[in-house]
Amino acid sequence: MPAPTALKIAARRLLLPAERVVAGWWRRQSPARQDRFATLGPLISVMLFLAAIISAFWYLRNEEIERESEAVKRDTEIAQQQIRLRLIENQEQLVRIAREIATRTLDAQQFAAQASGFARDRPEITHVTWLSSRRERRASVSAAGYQADTLMSFDGRDPSMPVADQHSPVELAFQTARERRQPVYSTAFADANNLTVFQVQVPLLDRGAFSGVLIAEYSVEALLRYYVPTEVAVRHPVAVLDTGEQWVASTVTPMPGQRMQRASILHEVPLAPALNGLLLRGQGYRTSIGLISNTLFWMVVALSVLTVWMLLGTWKHMRRRLQIQTALSNETNFRRAMENSMLTGMRAMDMDSRISYVNPAFCAMTGFSEAELIGRKPPFPYWPPDRYEENSRLLQQEIQGRSPAGGAEVKVMRKDGSLFDARMYVSPLIDPKGKQNGWMTSMTNITEAKRVRDQLSASHERFTTVLEGLDAAVSVLSVQQGELLFANRSYRLWFGADPKGHAMLAGNQLGQAKRENELDEDVDDYSGLAAQQLTELGSDPKEVYIETLEMWFDVRARYLQWTDGRLAQMLIATDITARRHAEALAAQQAEKAQVTSRLMTMGEMASSVAHELNQPLTAITNYCNGMVSRVRNDAIKKDDLLAALEKTAKQAQRAGQIIHRIRNFVKRSEPQRQPSSAHAIIEDAVELAGIELRRRSIAIHTYVAQRLPMLVVDPILIEQVVLNLLKNAAEAIDNAGLPVSRRHIELRVVPKHTAELGGHVEFSVTDMGPGLPEEVIARMYEAFFSTKADGMGIGLGLCRSIVESHQGRIRAENLYNGQTIVGCRFAFTIPVDIPRPDSSSGNSMNTAATP
């Protein structure tokens, strides 16, 4: 028996004595007392229910207030964390810049350039200023990223400038930074533009001596606007208060003349890591309604709705918490996997040079386990015994913050005693309060990199030898000076040592730039250019004709930085004269083949064309004879004569259109690509093919999608491909002697988009003929291969050449019904620009030509 059933039976046995006692007591009562109890019972139940409703309402109301308080607290702490991370990140960048200034790596001009990039990427910073130890402004960069001489003027009127013998916030911060030798945040104050700001002052220490400060001024309003998350600002107003609890900035701006309603729920945290008296206040409002409603019904309804809402809300909340917990677990596992899979060794030390953390990559590099390294002090076990003094000196540089920015190259000893080369990078560890509590070191094994560098140095000579042996001309020209920096043997053979050959291959662009520079030597055409982006960019190859040599060259160019730092242009010119001659000859042959194919097509359709022209000519003859007879007999009215003449003119116009289409199709003309409509191409091709199809009693069904993009093609060549495919399909059906039910052809033109071909328009011709054998499909594009007794074998090959010259593709396939071939389908594509794969229209032009 299942466990729940057993529990129910046990509970039933325990309650049975109580049920017997209650039943006996009820039977001992008189009927009046039973009625009284029956009346009071529902009343007591209702009162208990109302009491339960009121109790539940007060409980839920208090719970709502607590939940709102927690939400305000959470959002406030999220905003504090975002601002704290941004301030810490900026402080680290400022410390790095200050270190470079202190070590004299940067002068005032270089500082201005670096500070400009720093300020442009940080809208919360109003300006960055470098002051000497005497409070003299060395350089100042505004928020727009440009130097501003008017900033931080030493005239006593700029509140952002520290002035001796004053007790302004910036002066107090300057004195504190000078005394503590650590970054210091000032209290909030109003700057020259009456904006509430505060400063972070980073001391400049030159060999332990105070040499000035690096100041970055923050706008409190910008910090709130850019770094309080949008979802937090939408849920709760967040404001910044000064030491007097006066509003400095807020994410919600009150209407003019109105005061902000005081919030019932508040949560305040310091604007970390500044600790300068500014508070971050989150605000929330209670949304509970009154307890007593109009009627008990609405109270019950409200309670029911509230109960359902609470159940749904609790379910969603639990599901959201489960999702967050799962996401947190996945994120933790992901970070742990990243940490374990890193190839860079990471080591953390406290301020006493004691190892506090190593990652698996560091252990794998050195061969020591985590237990053998954690807690160790110098000398560390991975130091080679003969390099204790050198490593101790490097460690002291790390502790003093004087490690090279590019890292230090050291020798590291594995546990087995083997050595390898490594490069170590050191950065300070800063706690949430802005205080340094240690150092983080990353170590990379560069043994293989050094070996590769030596090999590259050895292979440079071999590479130069290879360049000298190339058949292509390779030349490098200085962009500014126009000096030929390198030329291989092929270049010297064709152009000598003259840089004009490089200019001719480059299209005279550098020569023109040089002449412009000669007119005004003070103008640098290449100042402000991103040299790294120029050297990373290449250019499309182009074909250049040199008249003096009567040769064609395929020229490829790119910009590079020469060994001395100058910007240079490298050209690789390959002789393609023979290829150009061959291409010109092939183009002439292809043009002749296209004209020949069209003439052959018209020759094969001659009898059909004659039959088609015979109909309007016979009609014209009949109309003329009839009018002559009736005019002689005076038996025709003017209206009848005009009607007969209009019919005669219409038949003559029809014959002229047939002759005009045939003449346009077969006339010789140069291939010319132009914007063309697929509707017009199909209409002309169907008109020409309709003559042959009607002679062979074959119907054609045409589907052309509406709103097709314009095709940049030669319309006569595409019409020739469509006509050839239609003619082949008609011959296949007619030669097979198929019945009327299978004597029809379907022509479709639709836009498509595939991952392989991108956007394109597909032309397809489908017939119900006998199909093609597999060996014919494999060879049908070969020159002079044909399945017809009188065929020349150039039709499909020419079609393929025409389609591929338009960057398209053509394919053929048999249609099957089970194992039986029931038709054949030829399709070719023309690439176009289609914005969306589903942008094909639903309307179409559907016409049918019946025999």
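Residues are numbered from 1 along each chain as its sequence is written, and side-chain values use heavy atoms, with hydrogens and water left out. Because the model is predicted, local features need pLDDT of at least 70 and side-chain atom pairs count only at pLDDT 80 or more, whereas totals for chains, interfaces and linings use all residues.

Secondary structure elements are DSSP runs numbered from the N terminus, with helices (H or I) of at least four residues and strands (E) of at least two. Helix α19 comprises 18 residues, 678-695, and spans 26 Å from its first C-alpha to its last. This span is close to the expected 26 Å at 1.5 Å a residue, the expected value being 1.5 Å times one less than the number of residues. At Ala-689, α19 bends by about 35 degrees; the bend at a residue is the angle between axes fitted to the seven residues ending there and the seven starting there. Buried residues (under 20% relative accessible area, with exposed over 50% and partly exposed in between, for a 1.4 Å probe and protein chains only) occur along α19, among them Ala-678, Ile-682, Ala-689 and Leu-693. The N-terminal end of α19 is capped by Ser-677, which places a side-chain oxygen 3.3 Å from the backbone nitrogen of His-679. Such a polar contact is a pair of N or O atoms within 3.5 Å; within protein, one must be able to donate a hydrogen and the other to accept it, and residues adjacent in sequence count only if both atoms are side-chain atoms.

Helix α20, residues 715-736, has 22 residues. The distance from the first C-alpha of α20 to its last is 32 Å, close to the 32 Å expected. Of the 22 residues of α20, 16 are buried, so this helix is largely enclosed by the rest of the structure. Gly-737, with a positive phi near 60 degrees, follows α20.

The largest cavity is lined by 18 residues, of which Leu-394, Leu-395, Glu-398, Val-410 and Met-424 are the closest to its centre; lining residues have an atom within 4 Å of a point. At least two lining residues come from each of α10 (388-399), β13 (408-413) and β14 (419-430), and α10 supplies the largest share, five residues. The lining consists of eleven nonpolar, four polar and three charged residues. In this classification, Ala, Val, Leu, Ile, Met, Phe, Trp, Tyr, Cys and Pro count as nonpolar, Asp, Glu, Lys and Arg as charged, and the others, Gly among them, as polar.

Most residues other than glycine have a negative phi, and most peptide bonds are trans. The bond from Pro-378 to Pro-379 is cis, with omega near -5 degrees, and Pro-379 is placed in the loop between α9 (370-373) and α10. Arg-181 has a positive phi near 60 degrees and occupies the loop between α4 (169-180) and β3 (184-185). With 35% relative accessibility, Arg-181 is partly exposed. Ser-697, likewise not a glycine, has a positive phi of about 60 degrees. The loop between α19 and β22 (699-705) contains Ser-697, which is partly exposed at 36% relative accessibility.

Thr-441, in strand β15 (residues 436-445), is buried at a relative accessible area of 1%. Its C-alpha atom is 9.8 Å from that of Gly-407, 34 residues apart along the chain. Pro-751 belongs to strand β24 (residues 744-754) and is buried at 16% relative accessibility. Pro-751 and Leu-708 are 43 residues apart in sequence, with a C-alpha to C-alpha distance of 6.8 Å. Arg-566 lies in the loop between β19 (551-561) and β20 (567-575) and is partly exposed, at 23% relative accessibility. Between Arg-566 and Val-479, 87 residues apart in sequence, the C-alpha to C-alpha distance is 7.9 Å.

Terms used
1 Å grid on protein atoms, 1.4 Å probe; cavity = no way out; pocket = protein on both sides within 12 Å on 5 of 7 lines; lining within 4 Å.
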